[in-house]
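User: Can you walk me through this structure? I'd like to begin with the pockets.

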Amino acid sequence: MIQRLLVLTGYFLRRLIFSLSGIIYIIFGMIFWLLFFSPGQGTPDSEYYILVIGAFGAVITFLSALTVAARANRAANYPMVVRLPSRVEFLAAVLFTAMIFAAALQLLVAGLALINGPSLVMNSLMVIPPVWFAVNSIAAVLALHASDFVTVNWSRVYIFGVLAVFLFGQNAREPVGTWLSNRLIGLSRSVMNSGQIDLGSSLSELAMRISENNSELLGNAFGLVFWPFRAMADAVVARSFGPAQALAPAIVLLYSTILFMLAADLFGSKDLDFLE
Amino acid sequence: MIEISQVTKKFQRVVALDNVSLSIPKGEVVGLLGPNGAGKTTLFKLMAGLLRADSGKIRPLGSGWPAVGYKPERLLFPNELRVSEYLHLMAGLCNIPRNEVEDAVLESLVRVDLLDAAGKRIKDCSKGMRQRLALAQALIGDPPLLLLDEPSNGLDPEGQADINRRIKQLNEAGKTIVLSSHQIHEITEVCTELVILNRGRVHYNNRIDSALATRTHTIVQVDRELGEISDMLRALHPEVYARGNQIILREEAMQLRRQVLVMLLDANYDLLHVEEKRVTLDEIYAEAVR
């Protein structure tokens, strides 16, 4: 399996690097470096350096994963897929290609940004690999779900819809709680009018409970999902991980793993109708 | 080698394959014949694992799935690669040890007579070369099962004969081959089994030699158009066909030839020609896709 993954990753990497998109991404990286870390500018803080280049890495990973997935989604690749014992190897190769390409570009920009850049102490250096790797991995997996290569029917709408709900719920705790409790009250009235008094009163009770505790209940639930990202940003600013924050990259990797397994399941069961 | 049982595949509302059952015996060359849209490519993609059946099963008859070499209908390649680079890539996916990859690539190039084009970019290859390259990539790793979707499509007669000769050689070397074609003569020449598909259904499935050996029919030609008598003739047996000035008696209806001749003579028709004829593959095909 390792040999097949290496062969496929090498093939996709070569196609990406020598393509127009690959060249555009490299140029984009240079422009990014000039804009944010030009040697003529003042010396940036190390946390600015880690966060901004981390965000750049995530964006490049997302874009390159979309590009590689689009290239993999070609009928010329049918004979290759047929030779693999599992289609998941093909998907994994796409993921690895995007992550390797983006990591190389990210490291290039990170290296150039050190010219007249921040002097990184050991603590800051130790923070970089888990944070950048975790963020890049989730960006790559999300890009797979966004691509035609993996998506099945409405799967990307569901996945990004759920993500949007969590983002919205996190930022607008009260309106979501109020909205939900109002809907439940309306539903309980309809149920009571239809004669189901017990069910109606239970719904009404639930609506009251959500209304009373909405900031704690929903806010915590929605906020919990994004806690690892906040924790990593906090750790970067603090220049070291606290005991709980140290778990954050691992949790993001867990998210990536779950999303990759979902992508593998979708890709494994779908009809491969590649573009000709 | 593979058993396909009651497989149905739909694309939205279009039924591409409808309850298809057939088996691919080991060491045989099975020819899939059918008009465009019959479901041949869909069946290939299902056997290659690129599509999933809506219902039914495709399973190996032995233990585990055999390695499969697949030549798609369309000749699409990563055009920027050279011929040998592409074959190296395919060899890397076939569990061939690294030190044997070079030999495997060389062997497949020799097998399809493409050694001279090894350094050529795929985009610069002619259609014939691309067909042979498609065959070469399917042969890499020596898979026991080859799925060849229209292997000689678009080639000149010489190129077709060349591909057919190679397919025969591969079968003699023990490969099980499934191929599709629009050309009946190609199927007759290289296949040992014939499957005729039409509108997603199997209309005929038999060994070619037995089909040709056993089936005969009688053709009767009369001096003028068959009028009202054609309905009477058809009413004799479902295998009696009357059209124009010709009556064809197939299968069991051949036993009725004396009765048919008497009816024609009684109706004042002159018999111009009576012939007992073996059924050709063209006729089997025409009958199946009618």
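Analyst: A pocket here is an open set of grid points where a 1.4 Å probe fits, with protein on both sides within 12 Å along at least five of seven lines, and its lining residues have an atom within 4 Å of a point. Note that this is a predicted model.

User: Which residues lie nearest the centre of the second largest pocket?

Analyst: A:Ile138, A:Leu142, A:Leu163, A:Tyr255 and A:Leu259, out of a lining of 15 residues. The elements giving two or more residues to that lining are helix H6 (122–146), helix H7 (155–171), helix H9 (197–238) and helix H10 (248–269) of chain A.

User: What volume does the largest pocket have?

Analyst: About 690 Å³. Its lining has 28 residues, and those nearest the centre are A:Val82, A:Leu84, A:Pro85, B:Ala48 and B:Trp65. By class, the lining is made of 18 nonpolar, five polar and five charged residues.

User: Which elements supply at least two residues of the lining of the largest pocket?

Analyst: H4 of chain A, plus helix H1 (40–47) and strand E4 (55–60) of chain B.

User: Switching to H4 of chain B. How many of its residues are buried?

Analyst: Eleven of the 13, so H4(B) is mostly covered, buried meaning under 20% relative accessible area. Among them are B:Met129, B:Arg130, B:Leu133 and B:Leu139.

User: What do the buried residues of H4(B) pack against?

Analyst: From chain A, helix H4 (78–83). From chain B, strand E5 (68–71), helix H2 (83–92), helix H3 (98–111), strand E6 (145–148) and helix H5 (157–172).

User: Where is A:Leu51 found, and what does A:Leu51 touch?

Analyst: A:Leu51 sits in helix H3 (residues 46–72) of chain A. Leaving out residues up to four places away in sequence, A:Leu51 touches A:Ala233, A:Val236 and A:Val237. Its relative accessible area is 37%, so A:Leu51 is partly exposed.

User: Last one: how is chain B divided into domains?

Analyst: Into domain 1 (2–212) and domain 2 (216–279). Taken over C-alpha atoms, the centres of these two domains of chain B are 43 Å apart.

Notes: Residues are numbered from 1 along each chain as its sequence is written. Chains are lettered from A and ligands numbered from 1 in the order in which they are written. This is a predicted model: local features need pLDDT of at least 70, side-chain atom pairs count only at pLDDT 80 or more; totals for chains, interfaces and linings use all residues. Side-chain values use heavy atoms; hydrogens and water are left out. Buried means under 20% relative accessible area, exposed over 50%, partly exposed in between (1.4 Å probe, protein chains only). Helices (H or I, at least four residues) and strands (E, at least two) are DSSP runs, numbered from the N terminus. Contact means heavy atoms within 4.5 Å. Domain bounds come from an automatic or database domain assignment. On a 1 Å grid over the protein atoms alone, a cavity is a set of points where a 1.4 Å probe fits but cannot get out, and a pocket is an open set with protein on both sides within 12 Å along at least five of seven lines; lining residues have an atom within 4 Å of a point. Grid points are joined across faces, edges and corners, and a volume is the space filled by probe spheres set on the points. Ala, Val, Leu, Ile, Met, Phe, Trp, Tyr, Cys and Pro count as nonpolar, Asp, Glu, Lys and Arg as charged, and the others, Gly among them, as polar.
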